[in-house]
Amino acid sequence: MTRGRGYALLALVVAAIVALSTAIYVGVASDDGLRNRNALGDGRAPHNSAAPASTGTWVGTWSTSPSAAEPGTETTGMADRSVRNVVHTSVGGTGARVTLSNLYGQSPLNITRATIAVSAGSGTAAALADTMRQLTFGGGPTVVIPPGRQVMSDAVRVVVPHDSDVLITTYTPTSSGPVTYHRHARQVSYVAQGDHAQDTTGTPYTERTGSWRYLTALDVLSNESDGTIVALGDSLTDGITSTPDTNSRWTDVLSDRLRAEIAAGRDLPRYSVVNQGISGNQVLADGLGRPADNPSGLNRFGRDVMERTNVKVVVIDLGVNDILRNPRLADPNAILNGLRTMVGQAHARGVKVVGATLMPFYGHRGYTEAREAVRQTINAEIRAGRVFDAVADFDQALRDPYDPRRLRADYDSGDHLHPSDKGYARMAESFDLETLKGSAPAEL
């Protein structure tokens, strides 16, 4: 080989290496680590031309836990109907993506159209016309979700304001069997006959529902937030006795309070708040069925906490139902060990855990002195710092100072177990925002 040909060959090799290095750099720089997770799990990146630029941070602005198969939907499901879920955001963003679930379906869920839009106002199925966007999945407008699976949509460019209602609509032409839903939404959503997913008037949506169907999460690309707080709980977190359509759950109030404190100049983490409460939920016991209705906190922790987007802190408020629903006297050590297991799972992922004390229930039909003793034993361990990284003392905040076994009257919804709107607000107001700082302790 001549020297000239050698130089030419060397130049070609160098050029190839430079080109390959550039391609690798561009590929890594453009991958934010959040590629589309489609129903088949093949990891394909989204091909949505409307996807937002990679600015900001992906966080959860709203979520809910699939809690059961909806009764009465076993045969027809939601065939030839448009389901318009109404959800309320905790932070805003310039891009959005949603997660849809067929966890309790017994056949594939065929969604042929899905949309997202900002609501035209409170208590309506109408959308702001210029915000209506079609959602895609792996670049296409349709998606088939196998039974027991979920799918995340491609990202779409849309301005989502904080503290606002968002409409996420799906149309399914055929039945998928039982509908995966969250029963106690405390938020009115809507249903229309036929494909009206892109309708902005809201006129076809004549049926109202108090449940969320198929939808389990709304993420936003946000410059307002650096991470997500997940609240894992039972009906006290689900907000079962809060006033519908007012966003009066304690998690809603906590979100508003955190935002207000940051706006006032307080040095606090910029986090969104999402709610993973299921009414009747327990630390240890599942409900019936396969998959189980109302799965235990232990069994759903990975899905409902660790799989949420950019989780920084989890707040756990569970244990009361383990005490009240156990036909025998509950073992406080078993409940505490279950809570500690969840803490260990969170720490393994670098997530900080704030735990709530169990609130009083004297006057409720399930109250006994023996059950009260179990509650006090659990609370003593929590307050002693032997369970969680930090404590939200909801018991102290809401109990009657003259009879600590019961809720204070104005914080009681009337059933002597669940708070009133004022009680939920008090839970959020008593939460020490300083506990949100820092990270999980290092595991030795």
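Helices (DSSP runs of H or I, at least four residues) and strands (runs of E, at least two) are numbered here from the N terminus. On that basis, Arg 249 sits in the loop between α2 and α3. What you have is a predicted model, so local features need pLDDT of at least 70, side-chain atom pairs count only at pLDDT 80 or more, and totals for chains, interfaces and linings use all residues. Residues are numbered from 1 along each chain as its sequence is written, and side-chain values use heavy atoms, with hydrogens and water left out.

**The chain overall**

- The chain has 9 helices and 23 strands.
- Of its 444 residues, 53% count as buried, where buried means under 20% relative accessible area, exposed means over 50%, and partly exposed is in between (1.4 Å probe, protein chains only).
- Take the contacts (heavy atoms within 4.5 Å) with a separation of 6 or more: residues 24 or more positions apart account for 80% of them.

- Arg 249 is buried, with a relative accessible area of 7%.
- The Arg 249 side chain reaches the backbone oxygen of Ala 185 at 2.7 Å; a polar contact is a pair of N or O atoms within 3.5 Å, and within protein one must be able to donate a hydrogen and the other to accept it, while residues adjacent in sequence count only if both atoms are side-chain atoms.
- Setting aside neighbours within four places in sequence, Arg 249 has contacts that include Arg 186, Trp 212, Asp 238, Ser 242, Asn 275 and Tyr 424.
- Arg 249 and Ser 420 are 171 residues apart in sequence, yet their C-alpha atoms are 9.6 Å apart in space.
- Ser 242 lies in the loop between α2 (235-238) and α3 (250-263), and it is buried, with a relative accessible area of 1%.
- The side chain of Ser 242 reaches the backbone oxygen of Gly 239 at 2.6 Å.
- Not counting residues up to four places away in sequence, Ser 242 touches Arg 186, Ser 248, Arg 249, Asp 421 and Tyr 424.

- Ile 278 is in the loop between β18 (271-277) and α4, and it is buried, at 2% relative accessible area.
- Beyond its neighbours within four places, Ile 278 is in contact with residues including Ser 65, Pro 66, His 182, Asp 234, Asn 294 and Arg 300.
- Ile 278 and Ser 296 are 18 residues apart along the chain, with their C-alpha atoms separated by 9.6 Å.

- Helix α4 (residues 297-306) and helix α6 (residues 332-348) pack at about 25 degrees, with axes 10 Å apart; axes are lines fitted to C-alpha atoms, for helices over the stretch in contact, and angles run from 0 to 180 degrees between N-to-C directions.
- That makes α4 roughly parallel to α6 (under 35 degrees; over 145 is roughly antiparallel, 65 to 115 roughly perpendicular, and the rest oblique).
- On the α4 side the contact uses Gly 297, Leu 298, Phe 301 and Met 306, and on the α6 side Gly 338, Thr 341, Met 342, Gln 345 and Ala 346.
- By class, the α4 contact with α6 has 5 nonpolar, 4 polar and no charged residues; Ala, Val, Leu, Ile, Met, Phe, Trp, Tyr, Cys and Pro count as nonpolar, Asp, Glu, Lys and Arg as charged, and the others, Gly among them, as polar.
- α6 and helix α7 (residues 369-383) pack at about 35 degrees, with axes 9 Å apart.
- Here α6 brings Pro 332, Ile 335, Leu 336 and Arg 340, and α7 brings Val 374, Thr 377, Ile 378 and Glu 381.
- The residues of the α6 contact with α7 divide into 5 nonpolar, 1 polar and 2 charged.
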